[in-house]
Structure formats: structure tokens, C-alpha cells
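Q: Hi, I've just opened this one and I'm new to it. Can you walk me through it?

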Amino acid sequence: MIVPNLMVSDMSRSVAFYRDLLGMTVSMSVDADQGYSPGELRDGAVFAVVEWNDAQLMLQTQQSLAEE
């Protein structure tokens, strides 16, 4: 399975779009301190995975991508 990693500028707004408008669920997120949280969006998340059926998208903030 290929899972695209999308660069986002605002994690909360991006997750809200995929979750609230498209009906996807958050399967996990990671905050800036590398705290992992399954099944929910952590405050200050820099990375998240949303899914619907067998489809997944990875969302990563521009800032965290720049740091890598």
C-alpha cells in the first residue's frame, strides 16, 4: 500500500477537514516532543495519520519537515 505524506501548514485545520468533512478517523499522531498517541490528535501534533476504510493519509507540518 502506498500512503502519501501531505505537507500541511495547520495540523488542526487539516485534521478537521479530513475528519469532520470527509469522515476519516485519526489513527495516530505525534507531537513535537515525539509523544505518540494512538487514535487521537495530540495538542501540538506535527504528524498524524488519518484513515477511511483501507485508505490512509499521513499529514506532517511544514516546520517538522523542514527540520528533517
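Predicted model: local features only at pLDDT ≥ 70, side-chain atom pairs only at ≥ 80, totals over all residues.

Q: Okay, Asn53 then: buried or exposed?
A: Asn53 counts as exposed, because its relative accessibility is 62%.

Q: And where does Asn53 lie?
A: Asn53 is in the loop between E4 and E5. Helices (H or I, at least four residues) and strands (E, at least two) are DSSP runs, numbered from the N terminus.

Q: What about the phi of Asn53?
A: Asn53 has a positive phi of about 55°, although it is not a glycine. Most residues other than glycine have a negative phi.

Q: Now the sheet. What order do the strands take?
A: The order is E1-E5-E4-E2-E3, in an open sheet of 5 strands with mixed pairing. Two strands pair if DSSP finds at least two bridges between them.

Q: Which strands stand at the edges?
A: Strand E1 (5–8) and strand E3 (36–38) do, and each has a single partner strand, so one side of each is left without a neighbour in the sheet. The twist averages 20° from one strand to the next; axes are lines fitted to C-alpha atoms, for helices over the stretch in contact, and angles run from 0 to 180 degrees between N-to-C directions.

Q: In what sense do E1 and E5 pair?
A: E1 and strand E5 (residues 55–61) are parallel, over 4 bridges. Met7 stands opposite Gln60 in E5.

Q: What packs on the sheet?
A: Helix H1 (residues 11–21) does, touching E1, strand E2 (25–31), strand E4 (45–52) and E5. Contact here means heavy atoms within 4.5 Å. The direction of H1 makes about 165° with that of E5.

Q: Take Ser14 in H1. What does Ser14 touch?
A: Leaving out residues up to four places away in sequence, Ser14 touches Val8 and Leu59. Ser14 is buried, because its relative accessible area is 15%.

Q: How many residues of E2 are buried?
A: 5 of its 7 residues, so E2 counts as mostly covered. E2 runs antiparallel to E4, with 6 bridges, and Val30 has Phe47 of E4 as its bridge partner. E2 is also antiparallel to E3, joined by 3 bridges.

Q: How much space lies in the largest pocket?
A: About 200 Å³. On a 1 Å grid over the protein atoms alone, a pocket is an open set of points where a 1.4 Å probe fits, with protein on both sides within 12 Å along at least five of seven lines; lining residues have an atom within 4 Å of a point. Grid points are joined across faces, edges and corners, and the volume is the space filled by probe spheres set on the points.

Q: Which residues are closest to its centre?
A: Of the 11 lining residues, the closest are Ala32, Gln34, Val46, Ser64 and Glu67. Helix H2 gives the most to the lining, with 3 residues.

Q: And Ala66, buried or exposed?
A: Ala66, in helix H2, counts as exposed at 67% relative accessibility.

How values were computed. Residues numbered from 1 in each chain as written. Heavy atoms only, no water. Buried < 20%, exposed > 50% of the residue type's maximum accessible area, 1.4 Å probe, protein only.
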